[in-house]
Structure formats: structure tokens, C-alpha cells
Amino acid sequence: VFSYALVSKIVGLNIGLKLMEGGEGRAQDGYMRLKENIPGVSQVIQQEEQHEYALIGMINEDFLKYISAIVLGLNDALVELTASLAGFTFALQNTKIIGTVGLITGIAASASMAASEYLSTKHEDTDKSPLKASLYTGIAYFVAVILLVLPYFFFTSIFLSLFLVLLIAMAIIFIFTFYVSVTKGYGFKKKFGEMAGLSLGTAGFTFLIGVGIRKVFGMNI
């Protein structure tokens, strides 16, 4: 009880309840093996199923309803801004300039994404609030932006800063993918691989574009 309560306080009630739900599922599997040998086990299995449904019903559906909006904000920020910072890194080669340009780009993009999500949700046949959906998307994007540009304001090495950006991006993807996989029941490895692959792939491609632009235009910043 203490461990489940602690997990719920640290990472949220949704995770705590989902972990408890998984425990109920494992208990059902164990009882199924005893069903033919011990009388009364069928009734216990039925009770375990009732416990599982009761736990699912306790989960805050209002938050989970907007998971897609948060995923949209985080995914776009991780893919777009990581790629942009990789391109800026070689094209500009000055950490403060790269961080400033990245921050301005990210803030503008977060506002744009929030507005797009508002209009998209408004025209959908759904019970989601367009304002809430846009706020979740915009805030998720903005938080990712702040975390990603921080290394450029603390370090003078452009390549160390870029390495830390990629490391932060992978950490955000890992944490959020784990959360979504637990609350939604998705496969963790597949989702993590998809998001990580997109972020790293676009970052590498844009880095090469930055190299090309610097050589073509002869930039000496």
C-alpha cells in the first residue's frame, strides 16, 4: 500500500492505479491455474475482475482524454526543434546565438501549435474542450523548448551543447513514452523507437542541411 501510494504521489494517480490494475491481472492469472483444483476460486477470480474494473473507473479520464494533445506538442517540439537546433549548430556556430534563435523559434512554434490544435479540436466531433486541448499542446511544446535550448546558454562548445540536446530529447521521450505505455497500455519499445528514430533522423538530416548552407553562403558567424 505504501509503495503504490508513494508512486501515485510522485508520478500521478494514473500510474499508481495502472500498476495496481496490472497486479489485479496477475492475480487473476494465478487464480486461473488453481481453478480446477480448489473450490471457490471462480468466485475469487470474479472479485478480482470487479477490482480491476473499479480501479480503471477511478482513473482521471479528463487528463487521459488530452494525452493525444500532449503527445502532439511534445512530438512536434522534439522532432522540429531538435532538428532546427542541429541545423543552427553548424550554420551559426555560436552557442548564445543558437540558443536565442532556437528559443524564439520554439516560442513562436508553440503558439502556432496551440492555435492549430484549438481550431482542429473545435471542428472535430468530440467532447474535448478546444481551449484545454490547445493549452495542453502549447504548454507541452513550450516546456520541451525550454529544456532543449538550455545547454546552449550554459556551455560554449557547440557540439557538447548539441549532444546534451539529443540526450535531453531522449530522456523526455523515454519518460513520456513510459507514462503513456503504462496509462494507455501501449507497447513501450515500439513507441519509444518511433519517437526516438524520428527525432534523431530529422536532427541528423537538418545538421547536414546546416553544413551545406554554411558552405554555400560562406557564413562566418
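Helices here are DSSP runs of H or I with at least four residues, numbered from the N terminus. With that in hand, the chain is quick to describe: reading along the sequence gives α-α-α-α-α-α-α-α-α, that is, nine helices and zero strands. Keep in mind that this is a predicted model.

**The whole chain**

Of the 221 residues, 39% are buried. The protein exposes about 12400 Å², and carbon and sulfur atoms supply 68% of that. Among contacts with a separation of 6 or more, 69% join residues 24 or more positions apart.

Nonpolar side chains tend to be buried together in soluble globular proteins. In this model the largest nonpolar core has 32 residues, and Leu74, Leu78, Leu85 and Leu148 have the most contacts inside it. Helices α5, α6, α7, α8 and α9 each put in at least two residues, with α8 giving the most, at 10 residues. As for Leu74, leaving aside neighbours within four places in sequence, its contacts are Ala140, Ala144, Ile172 and Phe176.

| Residue | Relative accessible area | State |
|---|---|---|
| Thr89 | 0% | buried |
| Ile209 | 37% | partly exposed |

Thr89 sits in α5, which runs over residues 67-92. Thr89 counts as buried because its relative accessible area is 0%, and the cut-off for buried is under 20%. Where does the side chain of Thr89 reach? It goes to the backbone oxygen of Leu85, at 2.6 Å. Beyond its neighbours within four places in sequence, Thr89 is in contact with Ile98, Tyr152, Ile158 and Leu162.

Ile209 belongs to α9. With a relative accessible area of 37%, Ile209 is partly exposed, since that label covers the range between under 20% and over 50%.

**A look at α6**

At the start of α6, a side-chain oxygen of Asn94 comes to within 3.1 Å of the backbone nitrogen of Lys96. The buried residues of α6 include Ile98, Gly102, Gly106, Ala109 and Met113. An α-helix has 3.6 residues a turn, so residues three or four places apart point the same way.

Note on methods:
Residues are numbered from 1 along each chain as its sequence is written. This is a predicted model: local features need pLDDT of at least 70, side-chain atom pairs count only at pLDDT 80 or more; totals for chains, interfaces and linings use all residues. Side-chain values use heavy atoms; hydrogens and water are left out. Buried means under 20% relative accessible area, exposed over 50%, partly exposed in between (1.4 Å probe, protein chains only). A polar contact is a pair of N or O atoms within 3.5 Å; within protein, one must be able to donate a hydrogen and the other to accept it, and residues adjacent in sequence count only if both atoms are side-chain atoms. Contact means heavy atoms within 4.5 Å. A nonpolar core is a set of buried Ala, Val, Leu, Ile, Met, Phe, Trp, Tyr and Cys residues joined through side-chain atoms within 4.5 Å. Accessible areas come from the Shrake-Rupley method with a 1.4 Å probe; for residues, only the protein chains shown count as cover.
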